[in-house]
Amino acid sequence: MHTKVYTNITRQISMSPGTTIDNPEETVIMLSTIGKFLFKTDTTWGKIISLFSITSSLAIDLIRSNQEEYLSNLIDGFVGVVEDELLPFLQENQGWIALHNKLVEKNRDVEKRLYAASSILLLTIILLFFLINNYLLKF
């Protein structure tokens, strides 16, 4: 994962050279702009996770720059993006439980492949022992 993508978000998206936000309304504008851009073409679970990561990074930036009073505006902006951009997607895809089900299903697929691969490996080892025992040790 690219950890630097989600650090210093304020500096990355700010038009001014500083890393602080000048007024509380900027947080709402920034987050709604990011949300509109992020979900412009389609909505995926990866993009939703990115929105959470960006929002949490913005919150950390606000706390580090002693602008905790702007956090309520950040939350308002986040709720606005969720209502405007994510709500239709969540309603069409069975809500947050769909993400859970997708992750559980993916883990089950990995487990099935692991069991199949270990079974094949075990059978191969047994076959090799059988061949070594019956053919190579008789010479």
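Colleague: pLDDT is the predictor's confidence in each residue, from 0 to 100. In which helices of the chain is confidence lowest and highest?

Modeller: Helix H1 (residues 9-13) is lowest, with a mean of 61. Helix H4 (residues 71-92) is highest, at 86. Helices here are DSSP runs (H or I, at least four residues), strands are E runs of at least two, and both are numbered from the N terminus. This is a predicted model, where local features need pLDDT of at least 70, side-chain atom pairs count only at pLDDT 80 or more, and totals for chains, interfaces and linings use all residues. Residues are numbered from 1 along each chain as its sequence is written, and side-chain values use heavy atoms, with hydrogens and water left out.

Colleague: What does the chain average in pLDDT?

Modeller: The average is 76, and 75% of the residues score at least 70. Where pLDDT is low, the predicted coordinates should not be read in detail.

Colleague: How many helices and strands does the chain have?

Modeller: There are 5 helices and 0 strands. Read from the N terminus, the order is α-α-α-α-α.

Colleague: What share of the residues counts as buried?

Modeller: Of the 139 residues, 28% are buried. Buried means under 20% relative accessible area, exposed means over 50%, and partly exposed lies in between (1.4 Å probe, protein chains only).

Colleague: New topic. How many salt bridges are there in the whole structure?

Modeller: The search finds 2. The cut-off is a side-chain nitrogen of Lys or Arg within 4 Å of a carboxyl oxygen of Asp or Glu. Side chains of opposite charge can pair when their charged atoms come close.

Colleague: Which residue meets glutamate 85 in a salt bridge?

Modeller: Lysine 36, at 4.0 Å from N to O. This pair links distant parts of the chain: glutamate 85 is in helix H4, lysine 36 is in helix H2 (residues 24-38), and they are 49 residues apart. Lysine 36 is partly exposed because its relative accessible area is 47%.

Colleague: What about aspartate 42, which side chain does that one meet?

Modeller: Aspartate 42 meets lysine 47, at 2.8 Å from N to O. Aspartate 42 is at 39% relative accessibility, so it counts as partly exposed.

Colleague: Is lysine 47 buried or exposed?

Modeller: Lysine 47 is buried, because its relative accessible area is 19%. Lysine 47 belongs to helix H3 (residues 45-64). Its side chain also makes a polar contact of 3.3 Å with that of threonine 41. A polar contact is a pair of N or O atoms within 3.5 Å; within protein, one must be able to donate a hydrogen and the other to accept it, and residues adjacent in sequence count only if both atoms are side-chain atoms.

Colleague: Next one. Where is leucine 90?

Modeller: Leucine 90 sits in helix H4. At 8% relative accessibility, leucine 90 is buried.

Colleague: Which residues is leucine 90 in contact with, leaving aside its neighbours within four places in sequence?

Modeller: Trp45, Gly95 and Trp96. Leucine 90 and tryptophan 45 are 45 residues apart along the chain, with 9.8 Å between their C-alpha atoms.

Colleague: Last topic, isoleucine 125. Which helix does it lie in?

Modeller: Isoleucine 125 lies in helix H5 (residues 97-136). Isoleucine 125 counts as partly exposed because its relative accessibility is 37%.

Technical notes:
Contact = heavy atoms within 4.5 Å.
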